[in-house]
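Open the model in your viewer and keep the selection tool at hand.

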Amino acid sequence: MTQAILTINAGSSSIKFALFARAGAEPPRDVLRGEIDGIGARPRLRARDAQGGALDAREFAEMADLPAAEQHQRCLDFLVGWLAGRADGWQIAAVGHRVVHGGERYAAPLLLAPADIEALDGLAPLALLHQPYNVAGIRALSQLLPGVPQVACFDTAFHMTQPALARRFPLPRRLAEAGILRYGFHGLSYEYIAGELPRHLGAAAEGRVVVAHLGNGASMCALSGRRSVATTMGFTALDGLMMGTRCGAIDPGVLLYLMEFHGMDAAALSRLLYKESGLLGVSGISQDMRVLLASPAAEAAEAVDLFCYRIARELGSLAAALGGLDALVFTGGIGEHAAPVRAAVCRQAEWLGARLDAAANARHATRISSADSRLAILVLPTDEERMIAGHAAALIG
């Protein structure tokens with residue numbers, strides 16, 4: 001029976017999963033991938049095989065009236081049974097979980113013990129929209145697959161290489177000692193891209209590189225020697241760039257003003273900053289970049305322009321942290337597929353030596369910089385699931 005690694009990315013409204021074959025020292029090989037989304041409303045499953053062919057697509061109408069937590073558990077129950085029905089000849093040797101926050105304690109992938117699961121649960125206040133669901137997924141799979149090793153891979157771990165100064169806020173020391181630091185996120189994506197850079201840049205991969213992970217959640221990371229030295233997200237995944245529904249960096253005085261003069265409490269502010277802002281809030285139309293790029297509305301254009309402007313500003317900041325820039329990499333759903341966004345960012349980065357090959361950009365080529373560009377400009381797909389599977393395979397030996 002062939003061993004396989006199952007990867008799980010359990011969020012508040014979706015569960016992304018993938019199954020990878022494990023054969024000795026070879027890198028894990030795709031078997032299937034999928035997602036159950038719509039949790040909290042009407043969950044639905046979409047799954048495809050290693051070649052991208054459809055394996056299954058269904059809705060769970062019978063769950064529509066259940067509480068979100070119960071839907072979440074039932075979807076995980078269903079998933080394990082569904083995999084068993086399609087994994088004839090496969091034995092799940094480990095489950096790798098994406099965990100958003102590892103705090104100061106967890107700086108590398110970890111084979112989980114019960115005490116670790118409790119510790120991760122204790123980090124929930126640092127990532128309320130993600131961590132509780134990550135931990136719920138771990139607990140559920142531990143019960144559904146008893147005896148199968150559970151491995152946690154942390155989105156914060158990649159950024160632990162940052163200098164201490166880059167991680168500090170200018171707040172009283174007692175707060176830093178209490179864990180209020182810049183942690184950074186999307187680390188699994190950046191780790192994957194860092195591993196791909198030598199294939200595309202050769203020796204220049206070890207130079208000064210900024211990676212833009214652009215999607216519904218968006219951030220950027222400055223790499224030197226393929227290690228994180230600065231990133232746009234900080235204490236939470238709310239900081240930095242404008243996102244699908246998140247505002248990104250904002251003057252904290254705005255929050256004080258909203259509390260004092262608009263009567264907003266923590267729950268109202270959380271809803272505003274996480275769910276009602278970003279592309280959705282500015283456009284009033286959608287959080288989906290594809291919808292906004294296709295819209296003739298001036299509000300849609302303004303939202304896209306602001307998104308690109310904020311990226312260009314952060315690019316300048318990260319280039320300063322690196323002392324210059326040798327390469328710019330776009331990844332994530334928007335980074336990989338939205339040519340107009342890449343073009344707008346590169347126009348605003350011409351002062352850094354960026355020159356775009358418009359035809360290469362339009363066809364989503366891997367290298368989209370022109371021959372006279374001082375920067376190498378790349379479009380690289382990321383693969384967090386493969387990163388998790390590789391870590392899980394390595395940890396179980």
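Which element gives the largest share of the lining of the second largest pocket? H8 does, with 5 residues. This is a predicted model, in which local features need pLDDT of at least 70 and side-chain atom pairs count only at pLDDT 80 or more, while totals for chains, interfaces and linings use all residues. Residues are numbered from 1 along each chain as its sequence is written, and side-chain values use heavy atoms, with hydrogens and water left out.

**Stop 1: the pocket**

The volume of the second largest pocket is about 820 Å³. Select Phe235, Thr236, Leu238, Leu255 and Leu273, which are the closest to its centre of the 24 lining residues. Helix H7 (252-261) and helix H8 (266-275) are the elements that give two or more residues to this lining. (Helices are DSSP runs of H or I of at least four residues, strands runs of E of at least two, numbered from the N terminus.) By type, the lining has 18 nonpolar, 4 polar and 2 charged residues.

**Stop 2: the cores**

Next select Val210, Leu214, Phe307, Phe330 and Val341, which touch the most other members of the 49-residue largest nonpolar core. (A nonpolar core is a set of buried Ala, Val, Leu, Ile, Met, Phe, Trp, Tyr and Cys residues joined through side-chain atoms within 4.5 Å; buried means under 20% relative accessible area, exposed over 50%, partly exposed in between, with a 1.4 Å probe and protein chains only.) Elements supplying at least two residues of this core include strand S9 (208-213), helix H11 (298-322) and helix H13 (339-348). The largest share, 10 residues, comes from H11.

Centre on phenylalanine 307: leaving aside neighbours within four places in sequence, its contacts (heavy atoms within 4.5 Å) are Leu214, Ala218, Met242, Leu279, Met289, Ile334 and Val341. A second, separate core has 29 residues, among them Val151, Leu223, Leu380 and Met387.

**Stop 3: arginine 33**

Finally, go to strand S3 (residues 29-37), where arginine 33 is placed. Is arginine 33 buried or exposed? Arginine 33 counts as buried because its relative accessibility is 13%. The side chains of arginine 33 and aspartate 383 are joined by a polar contact of 2.8 Å. (A polar contact is a pair of N or O atoms within 3.5 Å; within protein, one must be able to donate a hydrogen and the other to accept it, and residues adjacent in sequence count only if both atoms are side-chain atoms.) Not counting residues up to four places away in sequence, arginine 33 also touches others, including Phe17, Arg46, Glu385 and Arg386.

Notes:
1 Å grid on protein atoms, 1.4 Å probe; cavity = no way out; pocket = protein on both sides within 12 Å on 5 of 7 lines; lining within 4 Å. Points joined across faces, edges and corners; volume = space filled by probe spheres on them. Nonpolar A, V, L, I, M, F, W, Y, C, P; charged D, E, K, R; others polar.
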